[in-house]
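Dear colleague,

I am handing over the structure we spoke about, and I would be glad if you could look through it alongside the notes that follow.

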Amino acid sequence: MRYEAPSSLEQAVGLLAAATGDARVLAGGTDLLVQMRTDILNPELVVDIKHIPELREIKQEGGGFRIGAAATGAELKEHPQLKTVWPGIVEAANLIGSTQIQGRATMGGNLCNGSPAADSVPALIAAGAKASVVGPNGRREIAVEDVMLAPRKLSLGKGEIIASFILPAKAKGSADAYLRFIPRTEMDIAVVGCGVCLSVAADGTISRARVALGAVAARPLLVEEAGKALVGSKLEDAALNKLDAAAGAACKPIDDKRGTKEYRIKVAGVLARRAAAIAYERARKA
Amino acid sequence: MAKHHITATVNGDPVEFLCEPQETLLDALRDQLHLTGTKEGCSTGDCGACSVTVDDRLVCSCLMLGVEAEGKSIRTIEGMAQGDELHPLQQKFLEHAALQCGICTPGFLVAAKALLDKQPDPSETEVRYWLAGNLCRCTGYDKIVRAVLDAAAELRGA
Amino acid sequence: MQEKVKDGPSSEFQVVGTRPVRPDGADKVTGRAKFGADFSLPGQLVGKVLRSPYPHARIKSIDASAALKLPGVKAVVCRDDFLEQSSEFIPAGEMMINYRDVVRNVMAREKALYEGHAVAAVAATSAVIAKEALRLIKVDYEILPHVIDVVEAMQPDAPLLHEDMFTAGIEPTPKTASNVAKRLEIGHGDIAAGFKQADMVIEREFTTKPVHQGYIEPHACVASVSEDGQADVWVSTQGHWVVRAHCARLLGWDIGKVRVTAAEIGGGFGGKTVVYLEPIALALSKKARRPVKMVMTREEVFKASGPTSGAHVRVKIGAKKDGRIVAAEADLKYQAGAFAGSPVQPGAMCAYAPYDIENVKVVGYDVVTNRPKVAAYRAPGGPISEFAVESVLDEIAAKLGIDPIDMRLKNAAKQGTKAAYGPKFGPIGMVETLEAAKTHAHWRTPLGKHQGRGVASGFWFNIGGETSVSLSLNEDGTLSLTAGTPDIGGLRASLCMMAAEELGVPLDKIRVQIGDTGQLGYNFLTGGSRSTFSSGMATVEAARDVMKEACKRAAKLWELPDDAVEYSNGGVRPAGPNAGKHAPMTLKEIAGIAGKTGGPIVGYARINAAGAAPSLATHIADVEVDPETGKVSVIRYTAIQDAGRAIHPSYVEGQYQGGVAQGIGWALNEEYIYGDDGRLQNPGFLDYRVPVASDLPMIDTVIIEVPNPRHPYGVRGVGETPIVPPMAAIANAVANATGVRFTDLPMSPPRVLKALDEARAKGTAKL
């Protein structure tokens, strides 16, 4: 195995594009090293991207934020503005694993690991985040919900790296929330994850809603029907029930050692209601 | 496979070691530097027995490559006591009998110190959630949490 | 009763009952203490094991020639390197094992009987080379159908694991082989007549899954065999004399040629009372002529070391209107894994042991399945059977409208009660723990929304066993105490305290160590909650030996008869009519004259400790259930248990709390998850879900002391009983909160929600 630590995006892209065998990006390593240790992966080349400035920075840009793909969950939490503006995203990134994991894990890695249960992804999707992708053909932006195609399968081409995530300017009266269900209180992979982002008018009516679900399909989903169920409502029971049903209907879950199909469908609805309630309350104060 | 030559600081002392690219920081600490206080419990980041701090950040050393230690300042359990004087956390763990077999203890002490360095007045809930990545199978965590809260109080008061 | 509750140091003792810092503590909080994987020898090789990927397969051939050719590979071993063993059952802690099965579990012979079963092993100059060597070993497997469920394994058409297994305990012995190794039956009275008298009879079936001891330290050892055949093993183990015996036997070496040193042990809970790597490391070391270090990965720990049994249990209890139990019956079907030896016997013994029941019958079956061979896990067998019994008792109490603690008080075993498994109890603390529960603030605290409370009791019998201790008086009056039962949780502190109490010397004048197998006579392993009891008893005897000898030496000096000198206040003085004739001598001064009065002063004890007494417990658990997700949170827990005498109360409390945490995990989330392919799907701490710090509340403890008259300090073993009540306490609390009784563990959220929804449809759910 070869280890390289380039200091520029161009170098990193070049290394990955030129690789003949299995080449992997190393950010936090909290998924990659586990897969190497359990012989799931045996890369010939590991490209450590943590020495590239754009990938590590969190900065305010264009009214929104540009978050380096290799910024850690702990750094996201410590950023003075980010958690006030996007508490759902920061909380989601800080639910991954343990304190030790959050000291290393990154949203770029969380997404590109290609697990449908990734915690930060539904929050990013709900927020309308975009991935700024750099590759041999230059830079492009894609919606986060379009990055993952299926478990371990991304829409990125050879040599492409996510350099940063772009969070849009947040309108007044908007807020996000993320909840996940796990059997213990910490340390588990999400059985269901739900990110909600709402814009609420002064009279309490929801004007915009994005709802995303994780761990209930082959990739994290933007559930448009669920968002539609809330728009125009003040989160009354009827709207919440529609939301619950829409969330359940969007699920194409599997039975596995973490949950059954029926359970995931039920809990998706429960989390959607609870996350919407939190986002609503935050939005009213925002 | 060619080895990398790594220069870093461990517990305040400059160190150098050789390691293969796929070796973890945990392997390097234990096998190259012979610092066996940091333990391997699972090598998948699920038990926290391998906890160290890297540039004051609490991490699992089993999830870092040895080569990533280049230029970093690493602190392990061996650096916690100051000469003859145990750190208040170490002392409180002993007084509260917060260890039975002791295998998880280095990880807990490093993790707890990282907490108190950041948050000198944690609540019981904050302590439990901060330490959720450190597994203990012997104690049921009760005495560990009490020891951490007591050490926090002492560090605040002293 | 109040006097029996320990709430402070006793006025009787100076040291016993206080809470000093443990003597091995500084090393453990600084990382200096050496556990199994922390030891290394110059020139050592890395040993790795090749494991069967199939749950059941005949091993037709093993070809290691390619592996041996790989540069850096120094030795390969397989079944041919271990001696065939004839069938012989021997005690191993609280279970019986058979050497013929031990050698096969260590290294498969005719068949691979579980996924993860060791088939070959290599020693190489690096881990990378060792792993590559394993890939080069060609094993020709004939895959066979497998069976992993205990009830399925008992069916006549189930795949057969052992062609020569004919169920023992059935008359006449069956002519057809099966997977049922043994049937046993205990009890007394007339069950049928008993049930006829009952006003209420409840019969329920329960299932539990295999759970692992979950020690944080994987198995690890270093073995080194010299050219002259002398062998050394450094290993984290609960019993190094047992390791020595097993290794010598499997390899055909003299026991005396093998020396085993116990490293510090990072958790065992029964799982490190057996051998896995040690005989392999020795065989490799002998062939390679270099030391060999072997450490299991976490995945290997789950796949290839013994969890405890999963089980199917049927319980039927009959009671009168007033709550008096008139008949109690149970069928226990425990799976043993690949070889006979589940803890169904102790499970049967404990099921009804907390109660005085006139008519009781327990039948048990030991059943083999294609899973790793089970190993002891803290009160082996007890938590399973007692979970079922305590659940049914709770249901009867609820239906009769009787307080569950009162129901247990009505039936509690006391001194003189004849247990279902035979003996009459000496003094025991069942009633005391129940009364302490009843008056505890926890029992009276009001519950909130979606919350429920449950109570359950538990029993474990504890053992004694062979023990040797040596206590030397050093030239400067300090003492060196060498015991032989590995310290898994504070033993050295307790031994030091008992010695200090006896001798009247300060604690820090006694240095205690756990000796290796060359330094002491035989010591049975640390298990059965025996180490404080047995090594404590032996330490007291050795201390009294030193005291007696000290008196003799002074007597010699003072020219008095031996019995004219007495030991008092950390020294000796003339007694009786001679009192005052000579100034007392301190132990230090005695040490100074040891040489010229006959030689070194060393106290020995070599005993088979008898008189171990049961420890009873009653636990109270509060839970909160999320009605929409089925998640159960434990919000309050109180563990009340009889310790006989708490030598070091903090370590007694620690045992209570640790057992509770494991029981909670067993109740809520821990289980081995297998696919239909017979392969383990969750061999790691990610998906094998032990409780984490944020899952648990503070675990309050109450130490009851009903002294054991057979121990010099009244000690009862305490380590195992705490894991017995939690599963039922939690299940009873969940029933109290939801109106739904859970008979299948674990009560993980999907199962709870499903049952809640079913109950809601029937109108029987409380939330």
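Is Phe269(C) buried or exposed? In this predicted model, Phe269(C) counts as buried, because its relative accessible area is 12%, which is under the 20% cut-off. Phe269(C) sits in the loop that runs between strand 14 (258-262) and helix 8 (278-288) of chain C, and its phi is positive, at about 55 degrees, although the residue is not a glycine. Most residues other than glycine have a negative phi, and most peptide bonds are trans.

Leu235(A) lies in the loop between helix 10 (224-230) and helix 11 (237-250) of chain A, and it counts as buried, with a relative accessibility of 12%.

Two peptide bonds in chain C also deserve a look. The bond between Glu171(C) and Pro172(C) is cis, with omega at about -10 degrees, and Pro172(C) belongs to the loop between helix 5 (150-153) and strand 10 (180-188). The bond between Leu745(C) and Pro746(C) is likewise cis, with omega at about -5 degrees, and Pro746(C) is placed in the loop between helix 19 (726-738) and helix 20 (749-762).

As for chain A overall, it contains 12 helices and 14 strands. Its radius of gyration is 18 Å, close to the 19 Å that the globule rule gives for 286 residues, so chain A is as compact as a globular protein of that length. Of those 286 residues, 61% count as buried.

Definitions and conventions. Residues numbered from 1 in each chain as written. Chains lettered and ligands numbered in written order. Predicted model: local features only at pLDDT ≥ 70, side-chain atom pairs only at ≥ 80, totals over all residues. Heavy atoms only, no water. Helix = DSSP H or I, 4+ residues; strand = E, 2+ residues; numbered from the N terminus. Rg over C-alpha atoms; globule rule 2.2 N^0.38 Å. Buried < 20%, exposed > 50% of the residue type's maximum accessible area, 1.4 Å probe, protein only.
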